[in-house]
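Subject: Structure handover

Hi,

Here is the structure I promised. Please open it alongside this note; the findings follow below.

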Amino acid sequence: IAVSEALTKCPEIQFLDLSVNNIGIEGAIAVSEALKQGSKVQHLDLNHNNIGIEGAIAVSEALTKCPEIHYLDLGLNNIGVEGTIAVSEALKESTKLQHLNVTGNSIGDNGATVLSEALIHCNQIQELNLKWNEIGDVGAGALSEALRNCTPLHFLLIAYNHIGDKGKAALKEATKTLSIYVYGLKLQHSPHYSRKTSLKSHSHYLHSPPGDSQLVKPTHAVSGSEMQDTL
């Protein structure tokens, strides 16, 4: 709450990182109310705060007042399908969004489907983290349709879901013409990342569930015909 009061006095702030602070629903609502007053925030990190569905709905309302947002991290917040629906609706107006993390939120196929509809409007998206979300073939199919239009996307984390052969095939087909590193499906197209050293250059994924260590820029690109396992 103190932070939200400070935000109302600092309308020019662009970087806001409240990750791993257990702000909960009340904190998310308070911060969102401050951002709704008019904000120039570009980077918003609320990772691992247990904001829940109500908090996600509040954040979604604030996002409509943050036209400059290009980085959003809502990972590990128990927002579920309902929270994802609210956030996805707001993201349709976030045309400058480049980085989105919703890992570990149990969004399922329904959440993945509505998020896919929003991604069509986010034509500048570069990095997308969807790990640990109980996404199956239906959700993967919806995502594959959206990803065809996300040409700037170069980094997709989708490991630890329930995607079968059908969903994998759809995603593989959708991304075959992109320069993208897909982590979690054992496929790789002209990657922008490799598993060699630390995640230092991608600290916004450090709060995600284990399994993402050692992902950084590669030393060379791999053509589609030279695809190799990433896991």
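The count comes to 7 salt bridges, where a salt bridge is a side-chain nitrogen of Lys or Arg within 4 Å of a carboxyl oxygen of Asp or Glu. This is a predicted model: local features need pLDDT of at least 70, side-chain atom pairs count only at pLDDT 80 or more, and totals for chains, interfaces and linings use all residues. Residues are numbered from 1 along each chain as its sequence is written, and side-chain values use heavy atoms, with hydrogens and water left out.

Salt bridges

One of them joins Lys176 to Glu173, with the closest N and O atoms 2.9 Å apart. Lys176 is partly exposed at 48% relative accessibility, and Glu173 is partly exposed at 39%. (Buried means under 20% relative accessible area, exposed over 50%, partly exposed in between, using a 1.4 Å probe and protein chains only.) Salt bridges with shared partners also link Glu33, Lys36 and Glu61 into one network. Within it, Lys36 and Glu33 meet at 3.1 Å, N to O. Lys92 and Glu89 form another salt bridge, at 3.4 Å, N to O.

Aromatic pairs

The whole structure holds 2 aromatic pairs. Rings of Phe, Tyr and Trp (its six-membered ring) pair if their centres lie within 6.5 Å; planes under 30 degrees apart count as stacked, over 60 as edge-to-face and the rest as tilted. Trp132 and Tyr160 are stacked, 4.6 Å centre to centre with 15° between the planes. Trp132 sits in the loop between strand 5 and helix 6, and Tyr160 in the loop between strand 6 and helix 7, so the pair ties together parts 28 residues apart in sequence. Helices (H or I, at least four residues) and strands (E, at least two) are DSSP runs, numbered from the N terminus. Trp132 is partly exposed, at 38%.

Phe155 and Tyr181 have ring centres 6.0 Å apart and planes at 50°, so this pair is tilted. Both Phe155 and Tyr181 are buried.

Helix packing

Helix 3 (residues 52–63) and helix 4 (residues 80–91) pack at about 5°, with axes 8 Å apart. Axes are lines fitted to C-alpha atoms, for helices over the stretch in contact, with angles from 0 to 180 degrees between N-to-C directions.

Best wishes
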